[in-house]
Amino acid sequence: MPGGAGVAVCCSNPTNVAVMSAVLEGDDDGDSGGGGGGGGAVPELERLLRGRRFEEAVALAESSLGATDEANGDDVVAARLHALRAEALAGLGRFREAARVLLPLRTHASGARAKQMMQWVKESEQGKYDFLALHTSNAQDAMIRFPCVSFQNAKVAIRHTGDRGDGIFAVDALSAGDLIVGSKAECVLFSSEIVGKEFVKAPGWDGDAGCALLTRRLASQVRCQDGRLDELLRMSRGAHEATTDADEAPMLRLTQVVQANRHVAYKPWEGSPVGTGLWHTASKFNHACDANCSWHTVGDMLFVRCQRDVDAGEELTISYVLPTTDVKERQEYLESHQSFTCRCNLCMTDLAGGPGCEKYLRVEAMIEGSERKSAPDEGKTLKLQAAAFDFLQAPSYCSLHGVQVGHAMDACVAAYKLNRVGEAREWLQRARRAFALHYGEHPGVFELFVRARKVSVLLTI
């Protein structure tokens, strides 16, 4: 995949849990307590939460609350225990229960946290994210971490494929545009965290340097989380060489996990890389050049959507390479970087002498040549952009609806400059439809996109 996505590999789903630092450090409604009743359990509960030992934390919180009630203990201590119990339930993905625990506490902090938990219920169960808020924030800061949790469509399941590790399959029919996965990054490293606040492409950012930096960050992050490293290491797809240092082997395997499964985070709309990260569920998608799904990042969230109707039993795939690249280049990249040979229908057709993507590449070259001119021929631009858009209408290239949006918008601008307002309006609608398939049906987000391209006048036609 462009930017280094990996093959699907085997690992259990990570717990959906957002940052708990504010809760673990205490809130402004009281101290963490100590002494009588269950107050002595508070430090141990905090330790369990930091180690992601959520089931143990729930059991300890409940037994400590019982002890506090029996001893007629401090209300402040009880409130703290309830708050920590809620965080443990959230760590297990039981957000609805967590909200019910918090609401009776009737403090500003607990009310705000309960509201956040109910938003997580919508995200984790229905995939209902506030996309307009996410994209608005991401447009202001491309390198942002959101207080969101992961979602997996109930109509899909992870199954073992045999020769290609795990894969994601439809267990019921899916429609074009359906959200399949909303994935919170296990760990993401943004370029600003390395080179300051500027958008700088560090040498080798998409290669070994980015992988090494992300591996170190991930290792540091999971060091205090009991069992989490082992869970990540199960994503490793191959053997590692033994070394004399026993502590070195896990790090080599973790590097392999990151190398095979990471994606690159992109700046919204323009597509320049701003970081690299590991998204657990996204790593389960196997490759096909003629993929039926596409993905995009918004800060540290990664979303995957169906790009055409999919039948029950069909595998859902994403493309690790740009499908409009020449078939030989695609094959060479996948063999050298992902260690497999692609035998998707598009590759087999191209290798058998099919039309391939030569027409599209010629059109793209002509578009680039036209754009370099000081006074482009808008009529020619409109024809070229229309030809590129139409080429990508083929089912084999449905994963490129995001690219189609750009062609449709450029055709819209050209038609508008030619005073062909009706045609410009048609191209704007084509752009809107392609945009909805790739990014979701959110009119406010499309308007944000149009304004980012500095052609907001088109929204008035």
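Ser272 counts as buried because its relative accessibility is 18%, where buried means under 20% relative accessible area, exposed over 50% and partly exposed in between (1.4 Å probe, protein chains only). The model is predicted: local features need pLDDT of at least 70, side-chain atom pairs count only at pLDDT 80 or more, and totals for chains, interfaces and linings use all residues. Residues are numbered from 1 along each chain as its sequence is written, and side-chain values use heavy atoms, with hydrogens and water left out.

**Ser272 and strand S7**

- Ser272 sits in the loop between strand S6 (263-266) and strand S7 (273-278). Strands (E, at least two residues) and helices (H or I, at least four) are DSSP runs, numbered from the N terminus.
- Not counting residues up to four places away in sequence, Ser272 touches Ala265, Tyr266 and Lys267. Contact here means heavy atoms within 4.5 Å.
- Strand S7 holds Thr276. Thr276 counts as buried because its relative accessibility is 0%.
- The side chains of Thr276 and Arg262 are joined by a polar contact of 2.8 Å. A polar contact is a pair of N or O atoms within 3.5 Å; within protein, one must be able to donate a hydrogen and the other to accept it, and residues adjacent in sequence count only if both atoms are side-chain atoms.

**Cysteines**

- The structure has zero disulfides, a disulfide being a pair of cysteine sulfur atoms within 2.5 Å.
- Cys289 is in no disulfide; its nearest cysteine sulfur belongs to Cys347, 3.6 Å away. Cys289 is buried, at 0% relative accessibility.
- Cys342 is in no disulfide either; the nearest cysteine sulfur is that of Cys344, at 3.5 Å. Cys342 is buried, at 4% relative accessibility.

**Cavity**

- One cavity of 30 Å³ or more turns up in a search of the whole structure. A cavity is a set of points, on a 1 Å grid over the protein atoms alone, where a 1.4 Å probe fits but cannot get out; lining residues have an atom within 4 Å of a point.
- The largest cavity holds about 30 Å³ of space. Volume is the space filled by probe spheres set on the points, which are joined across faces, edges and corners.
- Its lining consists of Arg432, Phe435, Ala436, Gly440, Glu441, His442, Pro443 and Phe446.
- Helix H17 (421-439) and helix H18 (443-452) are the elements that give two or more residues to this lining. H17 gives the most, with three residues.

Terms used:
On a 1 Å grid over the protein atoms alone, a cavity is a set of points where a 1.4 Å probe fits but cannot get out, and a pocket is an open set with protein on both sides within 12 Å along at least five of seven lines; lining residues have an atom within 4 Å of a point.
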